[in-house]
Amino acid sequence: MLFVTMETPCTPPSNYKGEKTLNNGYSSPFVMPQTPCMTKLGFGTGMSVYHLHRSPRFGNERSPWAIKKRNVRAQRRIYVDKLYKEAKILCSLDHPNIVGFRGFMITPDGREVLLMEECTQSLGDYIENFSQDCGAFSPTTIYQVIASVSSALQYLHEDQELIHGDIKSFNILIKGKLEFIKLCDFGVSLNIGEDGISDEEYVGTLPWTAPEALEDGLITEKVDIFAFGLTIYEMLALKLPHWEFDDTYLMDSTFESDMLDDSIEKPYGTRPELPSLGSEYKDIVALFNWCTEEDYIKRPRARDMLNTLHNKHLNKQF
């Protein structure tokens, strides 16, 4: 059994070079529990996520982990490569608004397992459970999410030269009652070239996909900004973007370019209409409109969003 682990704060192993084993040469007493012994937290394409309660060490409680495990029937190479890729990327990241890497292993039956910091729930779950009678999220809550995710995106885009590639509410995790907000799921992330453009294939999730990705245009960091704009929409409208158009593509589904045909039409890649909102949401609506500009050049960078929050004194509570 191959295994690499690290405690918080996490940094990549000193000899880590992205080998598929991700093995740093250290042995570990960790034993993977049987699936029926763990609590299932959720699922994605070809993967399941579980809660792992860790036994106390030397009388001290230890934080729980989330375990992402490839499903036994997910035999296609794409699922295997995706989890390896996510582990490789997550191992190299260190930011307070990105979920922490805890380890990677291969089970005796040959399945890949990624061990991560566990959060309470996703923003998508939080939205689904939010009372419709309350209307939109409070401006303070929305600003908190915008500030946290923008900070993570600036780190990814500028420091790591990475496009997340699948921004949506279900890939934003929450600890407690919004005390910590963290990005997760880097299995379809893309490298940014020296010209600011990625030559890798964009996957994403269809309802959050930017128009240029649907139309075979240039893939830049701005695809993340468009998708994040639609995530802001979710907090304002309390529903998925374009939910009324087509239920073929669920929130956990992904698409590939060869799936795009004449049956996929507008309004994907467009700005959905917001519900009626009070004046206290004026600046949030302006950010939403900015992020969802059809022309990617007109969209802000993550840095621009943070500067806007700072200049308007909207993030002074963070």
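Biologist: Which residue follows helix 5 and has a positive phi, near 60°?

Modeller: This is a predicted model, in which local features need pLDDT of at least 70, side-chain atom pairs count only at pLDDT 80 or more, and totals for chains, interfaces and linings use all residues. Residues are numbered from 1 along each chain as its sequence is written, and side-chain values use heavy atoms, leaving out hydrogens and water. Helices (H or I, at least four residues) and strands (E, at least two) are DSSP runs, numbered from the N terminus. Helix 5 covers residues 222-237, and the residue after helix 5, with its positive phi near 60°, is leucine 238.

Biologist: How many residues of helix 5 are buried?

Modeller: Buried means under 20% relative accessible area, exposed means over 50%, and partly exposed lies in between (1.4 Å probe, protein chains only). Helix 5 is mostly covered, and its buried residues number 16 of 16.

Biologist: And how far does helix 5 reach from its first C-alpha to its last?

Modeller: The expected span of a helix is 1.5 Å times one less than its number of residues. With 16 residues, helix 5 comes close to the expected value, reaching 22 Å.

Biologist: Let's turn to the rings. Are the rings of tyrosine 84 and phenylalanine 104 stacked, tilted or edge-to-face?

Modeller: Rings of Phe, Tyr and Trp (its six-membered ring) pair if their centres lie within 6.5 Å; planes under 30 degrees apart count as stacked, over 60 as edge-to-face and the rest as tilted. The structure holds five such aromatic pairs. In this one the centres are 5.3 Å apart and the planes meet at 40°, so tyrosine 84 and phenylalanine 104 are tilted.

Biologist: How many residues apart are these two in the chain?

Modeller: Both tyrosine 84 and phenylalanine 104 are buried. Tyrosine 84 belongs to helix 1 (residues 77-92) and phenylalanine 104 to strand 5 (residues 101-106), so the pair links distant parts of the chain. Their separation is 20 residues.

Biologist: Which residue forms one aromatic cluster with Tyr126 and Phe137?

Modeller: Tyr126 lies in helix 2 (residues 123-129) and Phe137 in the loop between helix 2 and helix 3 (139-159), so their pair ties together parts 11 residues apart in sequence. The cluster they form also includes Phe130.

Biologist: How far are the C-alpha atoms of isoleucine 127 and serine 169 from each other?

Modeller: Isoleucine 127 lies in helix 2 and, at 5% relative accessibility, counts as buried. Contact means heavy atoms within 4.5 Å, and isoleucine 127 touches residues including Phe137, Ser169 and Leu238. Isoleucine 127 and serine 169 are 42 residues apart along the chain, yet their C-alpha atoms are separated by 8.3 Å.

Biologist: What about strand 4: which residue of strand 6 stands opposite lysine 68?

Modeller: Six of the six residues of strand 4 (residues 65-70) are buried, so strand 4 is largely enclosed by the rest of the structure. Two strands pair if DSSP finds at least two bridges between them; five join strand 4 to strand 6 (residues 112-117), and the two run antiparallel. Opposite lysine 68 stands leucine 114.

Key
Lists of a residue's contacts leave out its neighbours within four places in sequence.
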